[in-house]
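Dear colleague,

Please find below the structure that I am handing over to you. My notes on its salt bridges follow.

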Amino acid sequence: MNKSVAENHDELWRERLQELESSGLTQKEWCRQHEVSESTLRYWIRKLRTNVPKEKTEWMHLPMSAGMSEVASGDLTVSRSGVSLIISPAADPVLAREAMKVLMQP
């Protein structure tokens with residue numbers, strides 16, 4: 001089956017962006033050397049980043065215990081070994097997950 005024109009452009013620009021990253025050049029320098037406008041480069045960076053599949057969310061089961069409490073504000077407080085972590089509903093989920101990993105280490 002033949003690739004569509006759009007798929008060919010996407011593939012070409014993925015290769016170009018990999019080349020840019022490995023070149024060590026600034027975006028401006030790379031554009032000048034490859035005769036590409038900076039706005040075109042920025043377009044493809046945005047386009048290809050938004051088409052990247054989202055990471056699968058992994059949930060960590062945390063049974064409520066003596067060291068954990070949910071307060072009326074919706075914040076979650078997790079305590080372990082004298083250290084408390086308060087996670088608000090608006091917290092960045094990636095940052096919260098990483099903080100929980102560190103807190104739960106033996």
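Arg-42 is partly exposed, with a relative accessible area of 39%, where partly exposed lies between buried (under 20% relative accessible area) and exposed (over 50%), using a 1.4 Å probe and protein chains only. Its salt-bridge partner is Glu-38, at 4.0 Å from N to O; the term denotes a side-chain nitrogen of Lys or Arg within 4 Å of a carboxyl oxygen of Asp or Glu. Glu-38 is likewise partly exposed, at 33%. Both residues belong to helix H3 (residues 38–50) and stand 4 residues apart, about one turn of the helix. Helices are DSSP runs of H or I with at least four residues, numbered from the N terminus.

Please note that this is a predicted model, in which local features need pLDDT of at least 70 and side-chain atom pairs count only at pLDDT 80 or more, while totals for chains, interfaces and linings use all residues. Residues are numbered from 1 along each chain as its sequence is written, and side-chain values use heavy atoms, with hydrogens and water left out.

The search of the whole structure returned 4 salt bridges. Among them, Glu-98 pairs with Arg-97 at 3.7 Å, N to O, and with Lys-101, where the closest N and O atoms are 3.5 Å apart. Glu-98 and Lys-101 lie 3 residues apart in helix H4 (residues 93–104), which means that about one helical turn separates them. Through shared partners, salt bridges join Arg-97, Glu-98 and Lys-101 into one network. Its members are partly exposed: Arg-97 at 27%, Glu-98 at 35% and Lys-101 at 41%.

Yours sincerely

How values were computed: Helices (H or I, at least four residues) and strands (E, at least two) are DSSP runs, numbered from the N terminus.
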